[in-house]
Amino acid sequence: MESATLTLPAPQLLPADSGRNPPQVVCAANEARFTAAHYSEPLTAFTVGWRDPENLAALLDFVAPPVPAGRRFEFKRADNAQAFYSETDDVRSIGAPFKRVEYTGDSVLGKTLNKGLTIRVDHDEAIGDDWQERYVQLLLQRLLRNEVRRALGAIDAAATVTNVVWPDTGTVANPDGDLRTALVNAANASGVRPNRVLFGEVAWGLRANCYDAQDTSGARRAGALTPDLLAIKLFLDGLRIAAVRYQSSPTAKTAAVGSRVYGYYAEPMPGKDEPANLKRFLTPTDSGPFRVYLEEHAKYTDISVEHYSTVIVTSQLGLSALAVTVS
């Protein structure tokens with residue numbers, strides 16, 4: 001079986017929103033066009049209750065937990081080693097003060113980026129009473145898919161990669177043992193054991209094929225584990241399989257993760273300075289994370305969806321990846 005790895009081709013640049021774009025073409029939204037006069041409160045409210053069928057938002061939160069922040073923000077990147085120093089001279093002499101220690105860290109400035117997409121809908125093609133909601137949904141899915149790819153690209157670029165072989169020929173191998181080793185090595189590097197693991201769909205299939213081919217009672221038990229049971233076995237807070245795909249060319253779709261397995265530390269809804277490998281800083285609005293704008297014309301309507309966010313690798317320590325092959 002051929003294995004797939006995470007490949008991020010050169011971004012396919014969208015046409016700029018010039019105001020003269022043809023109908024049904026998604027383009028990069030121009031921030032200057034987003035004015036209060038075109039703000040749609042009903043459609044913005046629709047984005048709050050909308051749930052995407054692919055659960056892209058849930059995958060994004062699993063990989064890069066959201067952190068509310070202003071447009072410009074500052075967070076502390078701590079010196080990891082200081083949290084694990086150990087003294088033998090902490091005994092105070094009579095009349096003397098205790099030994100003084102200091103914890104320092106780098107203050108890092110960040111900024112959430114304005115991201116958005118616009119689609120022009122010709123009124124002759126607007127079918128049904130919910131046509132505006134349907135196009136808003138299309139833009140939301142596309143924006144979330146973009147964010148998922150950014151998060152996966154960031155974690156892949158920062159991770160320490162180890163090559164492993166999970167053969168499907170019956171040769172004795174232990175994929176879960178490789179995972180345990182990677183988690184222990186990550187804990188030795190950072191002092192904090194990774195609590196989340198993300199499998200690519202291909203990697204999960206290679207793990208199953210490896211255990212199925214061995215045809216022993218132990219291999220059968222391991223191969224039958226669900227993601228939740230494997231998470232318990234590895235002492236994780238969560239384990240997820242990423243099956244999301246994106247259009248990598250006009251005629252092909254590519255798995256966003258493929259044959260890699262990522263281990264990292266993350267907490268749900270962390271603060272700016274709490275330890276984590278990856279965070280997604282976002283600037284919410286009064287109405288939620290997204291805003292929708294409608295620009296009505298005589299024969300067509302421009303629908304724009306925007307949000308403010310940025311994905312940051314806040315620590316590379318303990319961020320690991322297994323690159324899985326069959327031979």
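1. Partly exposed covers relative accessible areas between the buried limit, under 20%, and the exposed limit, over 50%. Lysine 299, with a relative accessible area of 47%, is therefore partly exposed. The structure discussed here is a predicted model.

2. Lysine 299 and aspartate 124 form a salt bridge through their side chains, at 3.9 Å from N to O. The lysine belongs to the loop between strand 13 (291-296) and strand 14 (300-313), and the aspartate to the loop between strand 5 (113-122) and helix 3 (131-158), so the bridge ties together parts 175 residues apart in sequence. Aspartate 124 has a relative accessibility of 63% and counts as exposed.

3. The count of salt bridges comes to 13. A network of them links Lys115, Glu147, Arg150 and Arg280.

4. A further salt bridge joins aspartate 176 to arginine 207, with 2.8 Å between the closest N and O atoms. This pair links distant parts of the chain, since aspartate 176 is in helix 4 (residues 175-190) and arginine 207 in helix 5, 31 residues apart. Aspartate 176 and arginine 207 are both buried.

5. Arginine 207 deserves a separate entry. Its relative accessibility is 0%, so arginine 207 counts as buried. The charged end of arginine 207 also sits over the ring of tryptophan 204, 4.9 Å from the ring centre. With neighbours within four places in sequence left aside, the contacts of arginine 207 are Trp166, Pro175, Asp176, Phe199, Ala222, Gly223, Leu225 and Leu230.

6. Arginine 245 has a relative accessible area of 38% and is partly exposed. Glutamate 201, at 33% relative accessibility, also counts as partly exposed.

7. Five strands make an open sheet in the order 6-15-11-7-8, with mixed pairing. The pairing of strand 7 (residues 196-200) with strand 8 is parallel and runs over five bridges. Opposite glycine 200 stands alanine 242 in strand 8. Helix 5 (residues 201-214) packs on the sheet and touches strand 7, strand 8, strand 11 and strand 15 (320-325), its direction making about 85° with that of strand 7.

8. Four aromatic pairs are found in a search of the whole structure. One of them joins phenylalanine 62 and tyrosine 264, whose ring centres are 6.3 Å apart and whose planes stand at 80°, so the pair is edge-to-face. Phenylalanine 62 is in helix 2 (residues 56-63) and tyrosine 264 in strand 11 (residues 260-264), so this pair ties together parts 202 residues apart in sequence. Phenylalanine 62 and tyrosine 264 are both buried.

9. Phenylalanine 73 and phenylalanine 281 have ring centres 4.3 Å apart and planes at 20°, so the pair is stacked. Phenylalanine 73 lies in strand 3 (residues 72-78) and phenylalanine 281 in strand 12 (residues 278-282), so parts 208 residues apart in sequence are tied together. Phenylalanine 73 and phenylalanine 281 are both buried.

Key: Residues are numbered from 1 along each chain as its sequence is written. This is a predicted model: local features need pLDDT of at least 70, side-chain atom pairs count only at pLDDT 80 or more; totals for chains, interfaces and linings use all residues. Side-chain values use heavy atoms; hydrogens and water are left out. Rings of Phe, Tyr and Trp (its six-membered ring) pair if their centres lie within 6.5 Å; planes under 30 degrees apart count as stacked, over 60 as edge-to-face and the rest as tilted. Helices (H or I, at least four residues) and strands (E, at least two) are DSSP runs, numbered from the N terminus. Buried means under 20% relative accessible area, exposed over 50%, partly exposed in between (1.4 Å probe, protein chains only). A charge sits over a ring if NZ of Lys or CZ of Arg is within 6 Å of the ring centre and within 35 degrees of the ring normal. Two strands pair if DSSP finds at least two bridges between them. Contact means heavy atoms within 4.5 Å. Axes are lines fitted to C-alpha atoms, for helices over the stretch in contact, and angles run from 0 to 180 degrees between N-to-C directions. A salt bridge is a side-chain nitrogen of Lys or Arg within 4 Å of a carboxyl oxygen of Asp or Glu.
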